[in-house]
Amino acid sequence: MELRIENLDLFQNKKQILKNMNLTAKAGQVTGIIGPNGCGKSSLLRCIYGAVSPGHGRILLNGQESHSFTRRNLARNLAVVLQSQTSDLGLTVLETVLLGRIPHKPAFGGNRKEDLALARESLERTGIIHLEDRAFSTLSGGEKQRALIARSLSQAPRILLMDEPTNHLDILQQYEILELVKSLGITVLLVLHDLNLAATFCEKIYAMQKGHLIAQGTPETLLTNKLIQALYGIDSLVDQHPARGHPRITFNHPRFNHTERTAYEVH
Ligand SMILES: Nc1ncnc2c1ncn2[C@@H]1O[C@H](COP(=O)(O)OP(=O)(O)OP(=O)(O)O)[C@@H](O)[C@H]1O
């Protein structure tokens, strides 16, 4: 399912947060959004999943305006994994993941065999099936993140929005989760701060600055030293990953040129 944003503006408390945004997340592709803190990445996702109403513009799912979907129908098509979502409702991990089945269940119906099967499959795929009976609130940060991703998988969406999905995950888990997300073959729009992860997993990347989309392209065409300097004010060396071929970014903050300090010096 294609997700298209046309001429989107967002105002919050009379402040313009998003300005004339145009973006397409192609069906089955992983599209990334990068940009400095406060540039409007989460606000854009909030518009798409309907938590805030844009002042102007259209959000189209396969050409159909998102506000014409019922909430239930929207939730059947679109799932969201948010930044530092707590979801502490006193539920077990399995119960938390089963929340993803709500849009698919008959009204007032309990969990059906297929709901349980899909929830358990999602826990298997995210590697936390052994935690199914644990209280969600007792999980570590990384385990919670996996459980929330499992919940979104059990929702069986056609579009997945993710805001910094690798938060709280160690390096191996960051790669495993993004590999899993890519293997789903659905439309994924994700906010990433880590440019090397964006280079590894995104087919297309949009760069945001101060509420504007300022550039777009493949990792190869978009991720240049010039753009990174413009977005974040840091110098970088962009070369090619020796094994995988995608861009590899090494940052070079002027402070790192001081040679009198050793890396392990303790004060
Ligand atoms: N309800 C609101 N009222 C006023 N300003 C808001 C409101 N919501 C968001 N903002 C502002 O809009 C800007 C964009 O916020 P947003 O959370 O979308 O940025 P972001 O790019 O996701 O940042 P980060 O990388 O730090 O998560 C920020 O300056 C934020 O303070």
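Reader: What makes Asn 7 count as exposed?

Author: Asn 7 has 12 C-beta neighbours inside 10 Å. A residue is buried if 20 or more other C-beta atoms lie within 10 Å of its own, exposed if 12 or fewer, and partly exposed in between, with C-beta atoms placed from the backbone. Asn 7 therefore counts as exposed. This is a predicted model, in which local features need pLDDT of at least 70, side-chain atom pairs count only at pLDDT 80 or more, and totals for chains, interfaces and linings use all residues. Residues are numbered from 1 along each chain as its sequence is written.

Reader: Where does Asn 7 lie, and what is its phi?

Author: Asn 7 lies in strand S1 (residues 3-12); strands (E, at least two residues) and helices (H or I, at least four) are DSSP runs, numbered from the N terminus. Its phi is positive, about 50°, although Asn 7 is not a glycine.

Reader: Why is Ala 156 called partly exposed?

Author: Ala 156 has 17 C-beta neighbours inside 10 Å, so it falls in the class of partly exposed residues. Ala 156 is found in the loop between helix H5 (141-154) and S7. It also has a positive phi, near 50°, and is a residue other than glycine.

Reader: What makes Leu 98 count as buried?

Author: Leu 98 has 22 C-beta neighbours inside 10 Å, and therefore counts as buried. Its place is in helix H3 (residues 93-98). Leu 98 and Arg 120 are 22 residues apart in sequence, and their C-alpha atoms are 8.9 Å apart in space.

Reader: How do you know that the span of helix H4 agrees with its number of residues?

Author: The expected span of a helix is 1.5 Å times one less than its number of residues. For the 13 residues of H4 (residues 113-125) this gives 18 Å, and the end C-alpha atoms are 18 Å apart, so the two agree.

Reader: Which residues of H4 are buried, and why are they placed on the same side?

Author: Leu 118, Ala 119, Ser 122 and Leu 123 are buried in H4. They cover an arc of only 140° around the axis, which puts them on the same side of H4; the arc is that of the directions from the helix axis to the C-beta atoms. An α-helix has 3.6 residues a turn, so residues three or four places apart point the same way. On the other side of H4, Lys 113, Glu 114 and Ala 117 are exposed.

Reader: How do you know that S6 and S7 pair, and in which sense do they run?

Author: Two strands pair if DSSP finds at least two bridges between them. S6 and S7 are joined by 4 bridges, and therefore meet that definition; they run parallel. Val 80, for example, has Leu 161 in S7 as its bridge partner. In S6, Leu 78 and Val 80 point one way, Ala 79 and Val 81 point the other way, and all are buried.

Reader: What makes S6 an edge strand?

Author: S6 and S7 belong to an open sheet of 6 strands with mixed pairing, in the order S6-S7-S8-S3-S9-S10. Strand S6 (78-81) and strand S10 (212-217) are its edge strands, as each pairs on one side only.

Reader: Which senses of pairing are found within this sheet?

Author: Strand S7 (residues 159-163) and strand S8 (residues 187-191) pair in the parallel sense over 5 bridges, and Ile 159 has Thr 187 as its partner in S8. Strand S9 (residues 204-209) pairs with S10 in the antiparallel sense, also over 5 bridges. There, Met 208 has Leu 213 as its bridge partner. S9 and S10 form a hairpin with 2 residues between them, and Lys 210 in the turn has a positive phi of about 45°.
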